[in-house]
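The sequence and the structure come first.

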Amino acid sequence: MEFMMIIVLKAGVSEADETRVLNEIESRGYSVHVIRESGRIIIAAFGKEQTPQTLEALTSWPQIEKVTPIQKRYKLVKRAASQERTLVKINDHVSIGGNAVHLMAGPCSVENEKQIMTVAESVKASGATILRGGAFKPRTSPYEFQGLGEKGLKLLDKARKATGLAIITECLSEEHVELVAEYTDIIQIGTRNAQNFQLLIAAARTGKPILLKRGSGMKIEEWLLAGEYILNSGNPNLLFCERGIRTFETYTRNTLDLSAIPIMKKETHCPVVIDPSQGCGSAKLVDSLCIGAVAMGADALLIEVHPDPAHAWSDGPQQITLEEFAKLTRAIQPFLNAAGRTLGKIE
Ligand code: PEP
Ligand code: MN
């Protein structure tokens, strides 16, 4: 792979210093092309591969003003000019990344059998293809409900068997990767673990599709590089999920960065999912954000739905009711039509 850096020398460097810099760059395996313009010297350095001793380290040299890498730091998640989008196969009946927009819906936390079965039957009837539900919950306070653990996974499995819906649930730690992979169709990596690289590698090695949330303080480049860990571990089944970033705004819980959709669709061949629920923290805003996400090209939506949000064991204010979810699936239809997309189905 060609790798290119631009190195700008400080104004007025001596010939001897210029030679020293050029020799150093060449000794690191790069070929050089020197541009002289208005008394300034700019070096274009071409390498086959980025060596462990990157040229950026040369920034500390007194002769050098600036070192700029031209290539993107991510390679495997990057979308080449004419590259097809990746279709991520979730199971034999559902794939994400094609023309169909899939709905992943369910409670923030699995609470009991009746709750998860009721939600599963209802969201399926409304058009969802994937059931979400947290069994291991990353709570801000240790005194809040931490999830049912394996019991929650078993209930999700029961709901899958009863409805045929695929399952998505979060894995919080390396210790639970095998256990979660045994029950789920998609492993969710949450915002708090988005740069827990050992967890990403362990989850990727199961071969299961991975939904990688964006860290609430992560730049898009960092998110793409976190995704690079999944593909680099031999697992091509990656879904990126925007779920809101931390800003100065307090009206919403997070600021859902919808601009990430067109950016990610340009930068990566992997599907892009939007989670409006964590994204805004308010049930009243979920329908508008879903409409915006569909219009902007999201490949799937991850929505928190609860039979009785006022009594939910986590994230009550942002969960919509079963009826609201049914209404939402109808409300997005004209926007799907306008975008030339269809609603995902269990094939
Ligand atoms: C969730 O989906 O319930 C959740 C905890 O997500 P996030 O990691 O985006 O906060
Ligand atoms: Mn939640």
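Predicted model: local features only at pLDDT ≥ 70, side-chain atom pairs only at ≥ 80, totals over all residues.

## Charges and basis of the model

Residues are numbered from 1 along each chain as its sequence is written, chains are lettered from A and ligands numbered from 1 in the order in which they are written, and side-chain values use heavy atoms, with hydrogens and water left out.

## Overall figures

The protein chain has 11 helices and 15 strands, these being DSSP runs numbered from the N terminus (helices H or I, at least four residues; strands E, at least two). Its C-alpha trace spans about 80 × 45 × 40 Å along the principal axes.

Of the 347 residues in the protein chain, 53% are buried, where buried means under 20% relative accessible area, exposed over 50% and partly exposed in between (1.4 Å probe, protein chains only). Among contacts (heavy atoms within 4.5 Å) with a separation of 6 or more, residues 24 or more positions apart account for 68%.

## Nonpolar cores

A nonpolar core is here a set of buried Ala, Val, Leu, Ile, Met, Phe, Trp, Tyr and Cys residues joined through side-chain atoms within 4.5 Å. The largest has 37 residues, of which Val123, Leu131, Leu301, Ile303, Phe325 and Ile332 touch the most other members. Two or more residues come from each of β7 (100–106), α2 (113–126), α3 (150–163), α9 (286–295), β14 (300–304) and α10 (322–331).

Leaving aside neighbours within four places in sequence, Ile332 is in contact with Leu103, Cys290, Ile291, Val294, Leu301 and Leu343. Apart from this core lies another, of 33 residues, among them Tyr183, Ile187, Trp223 and Met264.

## Aromatic pairs

Three aromatic pairs are found in the whole structure; rings of Phe, Tyr and Trp (its six-membered ring) pair if their centres lie within 6.5 Å, and planes under 30 degrees apart count as stacked, over 60 as edge-to-face and the rest as tilted. One of them joins Phe145 and Trp313 edge-to-face, at 4.9 Å centre to centre with 90° between the planes. Because Phe145 lies in the loop between β8 (130–132) and α3, and Trp313 in the loop between β14 and α10, this pair ties together parts that are 168 residues apart in sequence. Trp313 is partly exposed, at a relative accessible area of 41%.

The rings of Phe197 and Tyr229 have centres 4.3 Å apart and planes at 15°, so this pair is stacked. It links helix α5 (residues 197–205), which holds Phe197, to helix α6 (residues 220–232), which holds Tyr229, 32 residues apart. Phe197 is partly exposed at 28% relative accessibility, and Tyr229 is partly exposed at 32%.

## Loop residues

Phe136, in the loop between β8 and α3, counts as buried because its relative accessibility is 11%. Beyond residues up to four places away in sequence, Phe136 touches Gln146, Gly149, Glu150, Leu153, Glu170, Leu172, His176, Leu179 and Val180.

Ser38, although not a glycine, has a positive phi of about 45°; Ser38 sits in the loop between β2 (31–37) and β3 (40–47) and is exposed, with a relative accessible area of 70%. Asp315, also not a glycine, has a positive phi of about 50°; Asp315 lies in the loop between β14 and α10 and counts as buried at 17% relative accessibility.
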